[in-house]
Amino acid sequence: MDDDDTTGTPLGTEEALAIIADQRAAAARTQPSAPLLFGVWGTAWVLGYGLLWLSVGEDELWAAWAAVVAGLVIVAAMVVTAWHSVTRTHGIRGRSAQQGAMYGWGWFLGFLGQGVTVAALADAGASREVVGLAANAIASLVVGLLYIAGGLMWRATAMYALGAWILLAGAASAFAGIPGSYAVLALAGGGGMLVAALVTRVRDGRSRA
Amino acid sequence: MPDDALDPVIHAPARLRVVATLVGLGGGDRISFPRLRGMLDMTAGNLSTHLRRLEEAGYVTITKTYEGRSPATYVALTPAGRLAFDVYAQRLRELLGSGR
């Protein structure tokens, strides 16, 4: 028989507490990993915006290649995020699945709004520099506010703080001009995400110990 | 059940693992039977037996549904199950003497 409360040795107190700790850790793996996603996006921002920064003022071909590679880096980060989230949350339904879906659509809508706004500014005759500055600052605003929303929803202080930092750094980057704005996003934005990845990684490790 | 006794429905290794896993999910969440089985590394028959016992105690609800054409089973902790686990975990800590 496999009904183990009628057979075998009785369950000890410390053993029971160890089971609880193990299963809590297992249950945590049904949620996307904050350190992994911050790390992926931090790397993507450092590489992507770093390339755009370095390519400004270079010849046209170099700049075009830098833009293509930066785009591919961002697409790769999106694919990793989607794959990781789907794998982790597979088989979970209910409230957190609904929150996750609404949050995911929030990112799509935010960047749809960013893209349309930037296109409209270009259409209204804004210079390449103004379009570039607005694209960077509005992208940072969208990312910052969505990290803040995520911090509220999951009561994740590090995520909230990262959102506030990116939002403010992105707004300030509009004063840095082109190519300075790209440098701010690569170093302060991407760097901030990598710091958040490290902080949440260390904290997760400590709470599991 | 006397005040100082551990809930016998939860205080068995396999069922404790099931309940502790469900507690770790978000409130209002349910988990598919295959995913839960994979997380616990239990056989389907074994897990079914324990889930039935937990369901009889009112600690979990088991929902059978369809996803497309294929049947799917979802497991969720009830508020009574969450409360029973909290009481159980509290008593464990008292027994250990730390009183945290």
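**Interface and local features of the two-chain model**

B:His50 is buried, its relative accessible area being 1%. In this predicted model, B:His50 belongs to helix α3 of chain B. Two side-chain contacts of B:His50 were found. One is a polar contact of 3.3 Å with the side chain of B:Arg15, and another, at 3.1 Å, is made with the side chain of B:Asn46. Helix α3 of chain B, spanning 44-56, is also among the elements that each supply at least two residues to the side of chain B that touches chain A.

The contact between the chains involves 28 residues from chain A and 35 residues from chain B. Together the two chains bury about 2,600 Å², and 58% of this area lies on carbon and sulfur atoms. Eleven residue pairs in polar contact, with both members at pLDDT 80 or more, were identified across the interface of chain B and chain A. On the chain B side, at least two residues each are supplied by α1 (13-24), β1 (29-32), α2 (33-40), α3 (44-56) and α4 (79-96). The largest share comes from α1(B), with nine residues. By class, the side of chain B that touches chain A consists of 17 nonpolar, ten polar and eight charged residues.

Strand pairing also links the chains. Strand β1 of chain A, residues 92-94, is joined to β1(B) by three bridges, and the two strands run antiparallel. Within this pairing, B:Asp29 in β1(B) stands opposite A:Gly94.

A search of the whole structure returned one salt bridge over all chains. In this salt bridge A:Arg93 is paired with B:Glu67, and the closest N and O atoms are 3.5 Å apart. The pair joins two chains, because A:Arg93 lies in strand β1 of chain A and B:Glu67 in strand β2 (residues 60-67) of chain B. Across the interface of chain B and chain A, likewise, one salt bridge is found. Side chains of opposite charge can pair when their charged atoms come close. Both partners are partly exposed: A:Arg93 has a relative accessible area of 33%, and B:Glu67 has a relative accessibility of 36%.

Strand β2(B), which holds B:Glu67, also pairs within its own chain. Eight bridges connect β2(B) to strand β3 (residues 70-77) of chain B in the antiparallel sense. In this pairing B:Thr61 stands opposite B:Ala76 in β3(B). The two strands form a hairpin with two residues between them, and B:Gly68 in the turn has a positive phi of about 70 degrees.

Most residues other than glycine have a negative phi, and most peptide bonds are trans. B:Asp41 is located in the loop between α2 and α3 of chain B and counts as exposed, at 71% relative accessibility. In chain A, A:Arg155 has a positive phi of about 45 degrees although it is not a glycine.

A cis peptide bond was identified in chain A. The bond joins A:Ile178 and A:Pro179, with omega about 15 degrees. A:Pro179 is part of helix α7 of chain A, which covers residues 177-208.

In another helix of chain A, α2 (residues 34-55), lies A:Trp45. A:Trp45 is buried, with a relative accessible area of 5%. Leaving aside residues up to four places away in sequence, A:Trp45 touches A:Gly50, A:Ser140, A:Val143, A:Ile166, A:Leu185, A:Ala186, A:Gly189, A:Gly190 and A:Met193. Between A:Trp45 and A:Trp83 the separation is 38 residues in sequence and 19 Å in space, taken from C-alpha to C-alpha.

Definitions and conventions
Residues numbered from 1 in each chain as written. Chains lettered and ligands numbered in written order. Heavy atoms only, no water. Contact = heavy atoms within 4.5 Å. Buried area = accessible area lost by both parts, 1.4 Å probe. Salt bridge = Lys/Arg side-chain N within 4 Å of Asp/Glu carboxyl O. Polar contact = N/O pair within 3.5 Å; in protein donor to acceptor, adjacent residues only side chain to side chain. Helix = DSSP H or I, 4+ residues; strand = E, 2+ residues; numbered from the N terminus. Nonpolar A, V, L, I, M, F, W, Y, C, P; charged D, E, K, R; others polar. Pairing = 2+ DSSP bridges. Buried < 20%, exposed > 50% of the residue type's maximum accessible area, 1.4 Å probe, protein only.
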